[in-house]
Amino acid sequence: MAPMKVYGWAVSPWMARVLVCLEEAGAEYELVPMSRNGGDHRRPEHLARNPFGEIPVLEDGDLTLYQSRAIARHILRKCKPEFLGAGSLKESAMVDVWVDVDAHQLEPVLKPIVFNCIINPFVGRDVDQGLVDESVEKLKKLLEVYEARLSSNKYLAGDFVSFADLTHFSFMRYFMATEHAVVLDAYPHVKAWWEALLARPSVKKVIAGMPPDFGFGSGNIP
């Protein structure tokens, strides 16, 4: 069976979501590097894969997928279904709940912090400190919910690691590289959960391709 192909740049948090799942699944895959600065994602050949001109894109035989969570679910459904809670209605439902919490609650709060604290200073955009402060306050309230959940469960969907946990890695990785990472200290169960994620071999491998400054500081911007 031919390996899956994944198109994109490794520093992308959306790409990281897919790569971590590929690593956890032990899937054979080929990373096809692209250049954002070079506009590879706007070229006709890539628009044929994803009409929205975004990454990542996965090719698995004659199946082409985009949207990082959909790609990740496909990989796990095919290679590691237990990470989706397969075989248990309750476990699969809880995986879905916390994947959605990440998508609709956490990521929208982390993005303005990450973009303003890491990306904007390098690309010459103004830092909206008011938006950062507001987002940090929203994050604290949100982390109270996570702390309550993780005080009675080792992982978000229960006592088993799942896609619900792995999907959080992508933006949390960059948030934890900002000066606001200290916020996590007030939530010991969340911090322990995050440290357990960081210890996973899949995460260690993927994070090696994700410099905390997105590669801006070293000039290694894809």
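The exercises below, each with a worked solution, concern a predicted model.

In this predicted model, local features need pLDDT of at least 70 and side-chain atom pairs count only at pLDDT 80 or more, while totals for chains, interfaces and linings use all residues. Residues are numbered from 1 along each chain as its sequence is written, and side-chain values use heavy atoms, with hydrogens and water left out.

**Exercise 1.** Work out which strands pair with strand 1 and in which sense.

Solution. Begin with strand 1 itself, residues 4-8, where helices (H or I, at least four residues) and strands (E, at least two) are DSSP runs numbered from the N terminus. Of its 5 residues, 4 are buried, that is, under 20% relative accessible area with a 1.4 Å probe and protein chains only, whereas exposed means over 50% and partly exposed in between. Next, apply the pairing criterion, at least two DSSP bridges between two strands: strand 2 (residues 29-33) runs parallel to strand 1 and is joined to it by 5 bridges. The chain passes from strand 1 through helix 1 (residues 13-25) to strand 2 in a right-handed β-α-β crossover, the path over the helix running clockwise when the strands point away from the viewer. Finally, strand 3 (residues 57-60) pairs with strand 1 in the antiparallel sense over 3 bridges. V6 stands opposite L31 in strand 2 and opposite L58 in strand 3.

**Exercise 2.** Determine where the largest pocket lies relative to domain 1 and domain 2.

Solution. A pocket is an open set of points on a 1 Å grid over the protein atoms alone, where a 1.4 Å probe fits, with protein on both sides within 12 Å along at least five of seven lines; lining residues have an atom within 4 Å of a point. The volume of the largest pocket is about 740 Å³, counted as the space filled by probe spheres set on points joined across faces, edges and corners. Of its 27 lining residues, W9, S12, W14, R36 and F115 are the closest to the centre. Because domain 1 (2-81) and domain 2 (83-200) both contribute to the lining, the pocket lies between them; the domain bounds come from an automatic or database assignment.

**Exercise 3.** Locate P56 and Q67, and describe the backbone at each.

Solution. P56, in the loop between helix 2 (44-47) and strand 3, is joined to I55 by a cis peptide bond with omega about 0°. Q67 belongs to the loop between strand 4 (63-66) and helix 3, and its phi is near 80°, a positive value in a residue other than glycine. Q67 counts as partly exposed because its relative accessibility is 42%.
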